[in-house]
Amino acid sequence: MNRILLLLLFIGQVVLGQTKLTQEEINLLNESVKANAKNTKTIVSDFVQKKHLDFLTNDIKTEGNLIFKAPNLIKWEYKKPYSYIAIFKENAIYINDNGDKNSFDLSSNKSFKHFNKLIVSSIKGDLFSESDFIINYFKDKENYLVKFEPKNESFKKMIKSFELLFDKKTFDVVEIKMNESNTDYTKISFLNKKLNQPVSNDAFSN
Amino acid sequence: MMRFLISCFILVLLTSCSLPTTRGLVKEREIEQTFIYNMYFSQNKDFVYKAKIKAFSNNVGGILIIKKIKENNFRIVFTSEFGNKFFDFELNNNQFTTHFILEAFNRKTFVKILQSDFLTLIKEKNKVLAVYKETGKKVYKTRLNNKFNYFFVEGNKNTLEKIVHTNKSRELTIFEFKRDGKEIQILHKKFPLQIALRAFD
């Protein structure tokens, strides 16, 4: 019975084009990603975000660009179909919603604090600790896929699991997927990513 | 003289107690139309809006999604710009089910107000209790639970311009529709709460 189950699981993975990494491959991925994150001082990238809700006919598509500066400055700017800027800086989020400015202190809200950590680490490509997440590693022809399931109960209510897709050659994060349930998710794909270009701190003023 | 003063006082009292929504309008003797329809969300398509909610001293932006699943069955989801859900309601025959709500949003009064707003905003078929006339406009009075909704319909194009949600004597909430429902403003008079919606183009 167990053999049949294993065979089915194997077939399932092959059909999806994903196979599990060996411990050796996991170690290599972890080391490479860590080294990459350490050497990444700035990131400038375009992004396309797709929100999938199972009951919708079409995914909701938004676009913009992202600027990151080590250790933890992030500017997330949506340009289409609306203008919206979120700057993550010093444990707070500064918002410019088409001219309406606002800010939130992240330290007072555990869920948002977790979410912020997730965003920062995902962009840098930092892998998360096994004490906080159940982690599974996969690969296909071009990418490594790492799936994280949060152990923290309040975080779990926001996000059931999330996935980071790494380019196999560069170990860069090319896609983030946040699964809210088995059917609903948000997928962010990075395009035209440029690393370690000079970025002024002025880019992060609201 | 005394009688005149008393009459004036009564008149002022009556006017101030009457609902401002229909003040000065002519009530029609007969109701020709049994139902007034709100067609803005009647199609089975995705309605996606950039939303701004100003509630008390808090401002929250996000994306509001409204979808008619089938007859009398709607899904209403509000997410942040990053895509994570703030709340996920289902409206089925005027009854709400909460599929998800973020802790920070889960305040009984706030949820009750939001759900009442969505019911007024979405409910398609509304039984007409009275009809009032204004120049170039008709106003249809309908009931919603123990409150009333007044539908302001522009005469020539037969477009729904406004819904005023009231109790017997006071206006509680005003819903304004512009650009064929692509822009919607919801303004509360009892609470400092405003919702502005702008459809994705």
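**Exercise 1.** Find how many bridges join strand β2 (residues 42-52) of chain A to strand β3 (residues 60-69) of chain A.

*Solution.* Start with the terms. Strands are DSSP runs of E, at least two residues long, numbered from the N terminus. Two strands pair if DSSP finds at least two bridges between them. Here there are 10 bridges, and the strands run antiparallel. Within this pair, Lys51(A) stands opposite Ile60(A).

This is a predicted model: local features need pLDDT of at least 70, side-chain atom pairs count only at pLDDT 80 or more, and totals for chains, interfaces and linings use all residues. Residues are numbered from 1 along each chain as its sequence is written, and chains are lettered from A in the order in which they are written.

**Exercise 2.** Place the strands of chain A in their sheet, then explain which sides lack a neighbour.

*Solution.* The sheet is open and has 12 strands, with antiparallel pairing. Read the order: β1-β8-β9-β10-β11-β12-β2-β3-β4-β5-β6-β7. Now check the edges. β1 (19-20) and β7 (100-105) of chain A each have a single partner strand, so one side of each is left without a neighbour in the sheet.

**Exercise 3.** Describe the contact between the chains, from the side of chain A.

*Solution.* Residues are in contact if their C-beta atoms, placed from the backbone, lie within 7 Å. Count first: chain A gives 25 residues and chain B gives 23. Next, locate them. β2, β5 (84-89), β6 (92-97), β7 and α3 (110-124) of chain A each supply at least two residues of the side that touches chain B; a helix is a DSSP run of H or I, at least four residues long.

Note on methods:
Contact = placed C-beta atoms within 7 Å. Nonpolar A, V, L, I, M, F, W, Y, C, P; charged D, E, K, R; others polar.
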